[in-house]
Amino acid sequence: MTKVVENTFRAVNIAFANELAKICRQDGMDVYEIIKICNMHPRVNILQPGPGVGGHCISVDPWFLVGDYPDLTNVIGASMSVNGGMPDFVLDRIRTIMNENGLTDISRVGLYGLTYKENVDDCRESPALQLLENQKNSAVQLKVYDPYVSEDIAENQYHDFDEFLNAVDLVVIMVGHNQIKENFDKLDGKIVLDTRKVYKPASDKVYYL
């Protein structure tokens, strides 16, 4: 029970950050700057928003409480719905950015990162895979790449970073692997949607949640 509660606490706090991102996007505010300022308070520690929650703990454990205590877990249940809706939120951001930049071919959009967190090969419940699942009925699929995933687990999956970049115009950073942090220069000339706030842009063609 203790471990379930610990992971549920983290899930609820992630949901709060994700909901803040949606609120700020609605009215054109910088969620990252707001969180930074709020966290200057000694008793405040708001987490960073992201494209969703994956793995075998935070994305799963809270549902045990919701299942066992359905009438007592309104906040927990709502939090899980917020986190579960983030892949669709990222898809909406992709479409908006495509429209703003006159991109009409979604096959020229690539997801960087298939794992659920950085520098691991674990893809369980990853936000990227959830996003691809939500997009599976589309006629054209997004391209994908992850340096830690050697097996083919998705359509249009690349295994060479440079080939992947050459095939896309819009790069969506789903996971902040060290590889991409060490190769930001290769993103020059690309449109970037950074869902993890790790990209240090050399141009103004960068977007966030």
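Reader: Is Asn 119 buried or exposed, or something in between?

Author: Asn 119 counts as partly exposed, because its relative accessibility is 27%; on this scale buried means under 20% relative accessible area, exposed means over 50%, and partly exposed is what lies in between, with a 1.4 Å probe and protein chains only. This is a predicted model, in which local features need pLDDT of at least 70 and side-chain atom pairs count only at pLDDT 80 or more, while totals for chains, interfaces and linings use all residues. Residues are numbered from 1 along each chain as its sequence is written, and side-chain values use heavy atoms, with hydrogens and water left out.

Reader: And where is the place of Asn 119?

Author: Asn 119 sits in the loop between strand 1 and helix 6, which covers 127-134. Helices (H or I, at least four residues) and strands (E, at least two) are DSSP runs, numbered from the N terminus.

Reader: What is phi of Asn 119 near?

Author: Phi of Asn 119 is near 60 degrees, which is a positive value in a residue other than glycine. Most residues other than glycine have a negative phi. Glu 125 also has a positive phi, near 55 degrees, and Glu 125 is found in the loop between strand 1 and helix 6. At 46% relative accessibility, Glu 125 is partly exposed.

Reader: Switching to the sheet, in what order do the strands go?

Author: Six strands form an open sheet in the order 3-2-1-4-5-6, and the pairing is parallel. The edges are strand 3 (157-158) and strand 6, each of which pairs on one side only. Two strands are said to pair if DSSP finds at least two bridges between them.

Reader: Which way do Ile 191 and Val 192 point from strand 5?

Author: They point opposite ways: Ile 191 and Leu 193 go one way, Val 192 and Asp 194 go the other way, and all are buried.

Reader: New topic: how many salt bridges does the count come to?

Author: The count comes to six, where a salt bridge is a side-chain nitrogen of Lys or Arg within 4 Å of a carboxyl oxygen of Asp or Glu. One of them joins Arg 95 and Asp 92, whose closest N and O atoms are 3.0 Å apart. Both residues of this pair, Arg 95 and Asp 92, lie in helix 5 (residues 86-100), three residues apart, which is about one turn of the helix.

Reader: Which pair links distant parts of the chain?

Author: Arg 108 and Asp 169 meet through their side chains in a salt bridge at 3.0 Å, N to O. Arg 108 is in the loop between helix 5 and strand 1 (109-112), and Asp 169 is in the loop between helix 7 (161-166) and strand 4 (170-173), 61 residues apart. Arg 108 is partly exposed at 28% relative accessible area, and Asp 169 is partly exposed at 27%.

Reader: What forms a salt bridge with Asp 162?

Author: Lys 186 does, with the closest N and O atoms 3.0 Å apart. Lys 186 lies in the loop between helix 8 (178-181) and strand 5 (191-194), whereas Asp 162 is in helix 7, so this pair ties together parts that are 24 residues apart in sequence.

Reader: What about Thr 8, buried or exposed?

Author: Thr 8 is buried, because its relative accessible area is 4%. Thr 8 belongs to helix 1 (residues 2-26), and the side chain of Thr 8 reaches the backbone oxygen of Val 4 at 2.7 Å.

Reader: Last one: what volume does the largest pocket have?

Author: The largest pocket has a volume of about 590 Å³. Helix 1 gives the most to the lining of this largest pocket, with three residues. A pocket here is an open set of points, on a 1 Å grid over the protein atoms alone, where a 1.4 Å probe fits, with protein on both sides within 12 Å along at least five of seven lines, and lining residues have an atom within 4 Å of a point; grid points are joined across faces, edges and corners, and a volume is the space filled by probe spheres set on the points.

Conventions: Polar contact = N/O pair within 3.5 Å; in protein donor to acceptor, adjacent residues only side chain to side chain.
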